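Please look at the sequence and structure below first.

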Amino acid sequence: MLCIEAHGLRKAFGTTVAVDGINLRVEEGRILGLIGPNGAGKTTALNAILGLTPYQGELKVLGRDPWTEREQLMRDVCFIADIAVLPRWMRVWQALDYLAGVHPRFDRAKAEGFLAKTTIKRASKVRELSKGMVAQLHLALVMAIDARLLVLDEPTLGLDILYRKQFYDSLLNDYFDRSRTIVVTTHQVEEVQDVLTDLMFINRGRIVLNCSMEEFESRYLEVMVNPEQVAAARALKPIHERQVFGRSILLFDRVDRQQLAALGDVRTPSIADLFVAVLGNQSGTTQGAAR
Amino acid sequence: MNTSSNVMPESPQKSQVIVPAVIPATRRMYWSVRRELWEYRSIYIAPLAAAAVFLLAFLTGLTLSPAHRHEPLDIPYEFAAALIMGTAFIVGIFYSLDALYGERRDRSTLFWKSLPVSDLTTVLSKFTIPLIILPLLSFAIAVVTQFVMLLSSSAVLLGSGLSVGMLWARMSFFHMSLMLLYHILTVHGLWYAPIYGWLLLVSAWAPRAPFIWAFLPPFVIWGVEKIAFNTSHFLAMLQYRLTGPQPSNTAPGGTLMDMLSALTPVQFFSTPGLWIGLATAAIFLAAAARVRRYREPI
């Protein structure tokens, strides 16, 4: 079943077009990474999906119109916005009480279990917690909700590396079960590379790349080319070329692995490198991987 | 955990029959109101502080100036009630102005909106605070304060060998409390409802400085009307809203509470101004709920 379906989704603020007619199909049970530069329209697209902003075009989330049916939709959807939005005056027990009071799918015992693994005290106010603890608290609350779609907008922004690692670990181990869907945006792409099942690049309000991770791994190959074979490698039309320690690293799209192996060391590129290649080409002269 | 929500009556007008919700609307409402009391603790701290200050002053006066002992009139009792109610009214104004503005300023609105609570439920729960919670709270505090005053006056009278019978005879404590409750629910709740509605609407809408947005437009309307037509209908309307309906059979010059309490329930509920005010409040609240849906964090 489709979790998110959009046709010609568009959102403009005055003359600035934030989301420029995107089409989107997200199946249930996927972990989609939405990657894009600042101001690419990621948050706007997510806000439309969450019913926080009106939009043009067609959009269905779990079969509902998010703008007109936000209240009902939020029984099945959870989100953590880009920066800490937990009210600073709230105490941990108040958050638990309140969610148990208003959310039909909130499992209080589960949340207490997650919190027991942290050092967060029940009587603490959110303002007394460190940034990492606030993220832990919010994740504990959200993971205790039996939702079908979880939206994370820069969930690990400003956290240190330990918390970031822990965040995705608990998400995968304690939450994701292949029937839920997760949409995540982040700038720390290297951290989500092994987490995602689907990848989407968005730039200037448009989708510039949309593929599954299997497709990503079979399509894109990176070769550290032997110096004497650079010319031969360039003849195969790489979509991007960069220099590291005096050696050329070329990124290819849909080029036979055997053929590339003859030119040097072949490996799967990082999402970050592909991102630079695709978006660099977008703004540059050539049009490569974008489709 | 929440026994009180279970005893709350089911609201018949909610469309719970159609929507298969596990959590009834009354329970969402109950927790939303509790949430407000957690966040805005001044709702009960301010009237309590006013009562404490008044009691301190009253007891000091009682022990220091024996001259007052023989005239424990109704005046300080009314004054105590007025002070506590006035405090609650001011708290209600500032609360209403901040209720939907503060959540946008600290971006917590994104958290609240991630939960299955509608904008209307949120707005109504915030409206409940000045409409019902603050009046009932200030009533309870005022009655306890007056009772403490009565007991301490009696103790002083007894201590000086005088009879307390006269004091208790003159003070019809139960009747006074009943009048106070009537006044506080009708005037501070129902009659002032459009004021709270307006403040909540401004709070939901204002890009910044909700206080100015709330109080400047009335001034502008008054000024424009005065200059353009040389009339003061708008000002008269505001005055009428603030002072409340006047009974036709009482002479002017009494205290505000005298006049208002002199209104019988039949008179009060047949005043067109009450119903016009409630309709206006409903419009303001519906608009506030709609504005909240569109507004993003500041």
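## The sheet

In this predicted model, chain A holds an open sheet of six strands. The strand order is E5-E6-E7-E3-E8-E9, and the pairing is mixed. Two strands sit at the edges: strand E5 (77-80) and strand E9 (206-212) of chain A. Each of these pairs on one side only. From one strand to the next, the twist averages 15 degrees.

## Pairing of E5 and E6

E5(A) pairs with strand E6 (residues 149-153) of chain A. The sense is parallel, over four bridges. Within E6(A), A:Leu152 is the bridge partner of A:Ile80.

## A helix on the sheet

Helix H1 (residues 42-49) of chain A packs on the sheet. H1 touches strand E3 (31-35), E6, strand E7 (181-185) and strand E8 (198-203) of chain A. The direction of H1 makes about 150 degrees with that of E6(A).

## The H5-H6 pair

Two packed helices are described by the angle between their axes and the distance between the axes. Here the pair is helix H5 (residues 131-143) and helix H6 (residues 161-175), both of chain A. Their axes come within 11 Å and cross at roughly 10 degrees. Angles under 35 degrees count as roughly parallel, so H5(A) and H6(A) are roughly parallel to each other.

Which residues of H5(A) and H6(A) meet? From H5(A) come A:Gly132, A:Ala135, A:Leu139 and A:Met143. From H6(A) come A:Tyr163, A:Phe167, A:Ser170, A:Asp174 and A:Tyr175. The residues of this contact divide into six nonpolar, two polar and one charged.

How values were computed:
Residues are numbered from 1 along each chain as its sequence is written. Chains are lettered from A and ligands numbered from 1 in the order in which they are written. This is a predicted model: local features need pLDDT of at least 70, side-chain atom pairs count only at pLDDT 80 or more; totals for chains, interfaces and linings use all residues. Axes are lines fitted to C-alpha atoms, for helices over the stretch in contact, and angles run from 0 to 180 degrees between N-to-C directions. Angles under 35 degrees count as roughly parallel, over 145 as roughly antiparallel, 65 to 115 as roughly perpendicular and the rest as oblique. Two residues are in contact if their C-beta atoms, placed from the backbone, lie within 7 Å. Ala, Val, Leu, Ile, Met, Phe, Trp, Tyr, Cys and Pro count as nonpolar, Asp, Glu, Lys and Arg as charged, and the others, Gly among them, as polar. Two strands pair if DSSP finds at least two bridges between them.
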